[in-house]
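Hello,

Here is the structure I promised to pass on to you. Please open it beside this email and follow along as you read.

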Amino acid sequence: MQNESSQNVGTRRIFALGAGLAGLALAGARTASAQSTANPDIAVLNYALALEHLEANYYTVGLARFAASDFNRANFPQVLGSGTVAGVYTNLTRIRDHEVAHVKALQDAVTSLGGVPVLACTYSFPYTDPESFLQVALVLEETGVMAYDGAIATLTAAALKSAGASIATVEARHAAYLNVVTSNIPFPRAFDQTKMMSEILAMIAPFLGNCPTAPATPATGTKAMLLPKNASVVTTPYALDASQSVAADGKALTYMTRATGKPAAVTNANTAAPIVQFNGVGTYTFELTVTDSTGATATDTTVIQYVGR
Amino acid sequence: MERTIRLSKINSLSSETSDQFRRDFLRGVTVAAGAAVTAAVVRGQTPTTPPAPSPANDITILNYALTLELLEATFYTQGLTRFSSADFASSTAFANLRTASGVSSGAPLSGASDTGLVQDIYAYLTLIRNHEQQHVRTLTNTIRSLGGTPVATPNFRLNFTTADAFLSLAATLENTGVAAYNGAIAQIFNPALVTASATIATVEARHAAYLNRINGTNPFPDAFDAGKTVAEILAIAAPFLG
């Protein structure tokens with residue numbers, strides 16, 4: 001019974017994410033404008049973005065939770081020499097930075113095609129210590145390789161195929177390294193396996209919490225936009241960007257940005273370029289409210305992980 | 001300057017072996033590509049525009065990939081014949097791995113672990129060789145099944161005399177392989193071949209990450225593995241092409 005129950009939960013999560021991705025593809029289609037049909041690559045890129053959000057969140061949260069010394073004490077196999085242990089935290093940091101860079105690149109790609117980038121979900125991961133953190137990381141990276149290898153051929157633009165491959169091979173490098181530090185063979189096959197989107201979504205379902213539904217994208221109206229979305233950052237003070245907000249009447253907007261969760265000072269809060277000052281490592285939520293010349297308002301929020309230097 | 005020298009080597013292919021390689025390579029290249037593009041590739045110049053994806057051009061790309069896989073397979077076969085586990089055990093790369101800095105104890109591994117480590121290295125190099133041989137077989141069969149003619153194995157010029165030089169060159173070849181596949185995949189017409197190429201590219205990337213690690217360098221030096229053009233790859237491979 002319990003299995004059936006958790007399976008149902010998993011199924012609902014798949015549908016939630018699947019519906020979210022489909023909705024975003026449609027939203028992207030609408031945004032792309034009425035004169036042309038939707039670019040089919042948007043849905044594929046949003047699928048990749050959903051996976052990269054998952055990975056970026058995993059490493060960002062995990063590396064904030066563990067210190068380098070936790071990994072030095074971990075019970076790692078010594079198969080690659082003592083230098084392996086010393087390098088683990090450094091290499092995990094590099095991997096985190098790569099996943100964050102992949103998120104950014106895919107968001108930009110989706111936006112450039114006229115689509116709406118999928119937002120991050122909330123996640124839960126079954127690790128309790130540095131060893132199990134590495135095991136789950138390995139699962140995520142191997143999943144990423146299979147997902148990209150299966151999805152690249154479904155892209156229509158030639159340049160995007162190369163771009164997809166340039167990410168796929170980096171995920172494969174991560175996977176090889178994580179195999180080594182978990183005592184597995186770094187390259188178990190001459191040809192990596194592939195999986196289709198439905199299979200991948202089923203695999204990641206256990207890690208998904210709440211996934212945002214597709215945002216409403218009215219064709220007209222005053223719209224607030226606070227960027228970057230769901231970023232992890234290492235510097236404070238940190239500049240946010242409200243300049244992508246749009247006034248329905250094309251006239252000047254007034255801006256107000258504030259921290260709505262964990263307290264953080266905001267300077268230049270009444271401009272399109274607010275600057276926030278983090279008060280220690282943690283997750284911060286910022287809300288932008290814009291008011292147009294008619295008094296109509298719109299709000300937008302973003303979640304920023306401050307991970308420290 | 002080095003690049004110029006390498007390019008000039010392509011220009012001055014003159015031995016019978018080189019001519020044979022050039023003929024074999026050209027036979028694949030000329031299946032679809034225009035003669036001007038082909039000549040530009042062989043001269044080591046970047047064609048102004050890559051040939052449009054087409055079924056015929058897919059054979060050209062597969063022969064390009066096959067050439068690189070033949071180079072890798074030949075390289076590992078020679079190296080694993082020439083060197084024993086003991087040679088890798090006495091290599092500088094291995095010594096650096098054992099005593100890599102940054103560990104609180106700083107102590108080298110025990111003798112027993114050393115034996116295990118060196119056995120792992122030799123076993124993994126053997127596994128990589130087997131992968132490259134499988135890539136060669138698969139590409140050869142695929143080219144034939146598409147009605148093309150696979151390139152013959154060139155007489156490669158592989159000059160390495162130490163286990164360290166072998167390990168270093170191995171990393172170079174694998175990282176080059178990744179860049180070659182990532183660059184070429186955009187030009188492939190057949191979706192099934194796109195997927196097949198991706199599944200090879202990610203395996204080359206795994207090899208590259210492992211070998212970077214063995215050589216003491218970053219296993220994943222960038223967030224994106226940039227693709228390289230045919231001309232760029234041939235410039236890198238020129239010293240090995242006899």
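Strand 1 (residues 232-233) of chain A pairs with strand 7 of chain A in the parallel sense, over 2 bridges. Here V233(A) stands opposite Y306(A) in strand 7 of chain A. Two terms to keep in mind: helices (H or I, at least four residues) and strands (E, at least two) are DSSP runs, numbered from the N terminus, and two strands pair if DSSP finds at least two bridges between them.

Before we go on, a word on the basis of all this: it is a predicted model, where local features need pLDDT of at least 70 and side-chain atom pairs count only at pLDDT 80 or more, while totals for chains, interfaces and linings use all residues. Residues are numbered from 1 along each chain as its sequence is written, chains are lettered from A and ligands numbered from 1 in the order in which they are written, and side-chain values use heavy atoms, with hydrogens and water left out.

Now back to the strands. Strand 7 (residues 297-306) of chain A also pairs with strand 6 of chain A, in the antiparallel sense and over 10 bridges. Along this pairing, T289(A) stands opposite T299(A), and L288(A) stands opposite D300(A). The hairpin of strand 6 and strand 7 of chain A has 5 residues between the strands, and G295(A) takes a positive phi near 95° in it.

Strand 6 of chain A has another partner: strand 3 (residues 254-259) of chain A runs antiparallel to strand 6, joined by 6 bridges. In that pairing, R258(A) stands opposite E287(A) in strand 6 of chain A. How many residues of strand 6 of chain A are buried? The strand (residues 282-291) is mostly covered, with 7 of its 10 residues buried. Buried means under 20% relative accessible area, exposed means over 50%, and partly exposed lies in between (1.4 Å probe, protein chains only).

Chain A also has an open sheet of 3 strands, in the order 2-5-4, with antiparallel pairing. Strand 2 (238-239) and strand 4 (265-267) of chain A stand at the edges with a single partner strand each, so one side of each has no neighbour in the sheet. Strand 2 of chain A and strand 5 (residues 275-277) of chain A run antiparallel and are joined by 2 bridges. Look for Y238(A) there: its bridge partner in strand 5 of chain A is V276(A).

Next, the helices. Two packed helices are described by the angle between their axes and the distance between the axes. Helix 5 (residues 130-151) and helix 7 (residues 197-204) of chain A pack at an angle of about 165°, and their axes are 10 Å apart. Axes are lines fitted to C-alpha atoms, for helices over the stretch in contact, and angles run from 0 to 180 degrees between N-to-C directions. Helix 5 and helix 7 of chain A are therefore roughly antiparallel to each other (angles under 35 degrees count as roughly parallel, over 145 as roughly antiparallel, 65 to 115 as roughly perpendicular and the rest as oblique).

Which residues meet between helix 5 and helix 7 of chain A? T143(A), M146(A) and A147(A) in helix 5 meet I200(A), M203(A) and I204(A) in helix 7. Contact means heavy atoms within 4.5 Å.

One residue is worth a visit of its own. Y58(A) sits in helix 2 (residues 41-65) of chain A, and Y58(A) is buried, with a relative accessible area of 0%. Leaving aside residues up to four places away in sequence, Y58(A) touches F125(A), Y127(A), S132(A), F133(A), V136(A), A137(A) and L140(A). Y58(A) and Y123(A) are 65 residues apart along the chain, and their C-alpha atoms are separated by 8.1 Å.

Chain A has 7 helices and 7 strands, in the pattern α-α-α-α-α-α-α-β-β-β-β-β-β-β along the sequence. Of its 309 residues, 50% count as buried. Chain B has 10 helices and 0 strands, and buried residues make up 50% of its 242 residues. For contacts between residues at least 6 apart in sequence, 74% in chain A join residues at least 24 apart; in chain B, 84% do.

Enjoy exploring, and write back with any questions!

Best wishes
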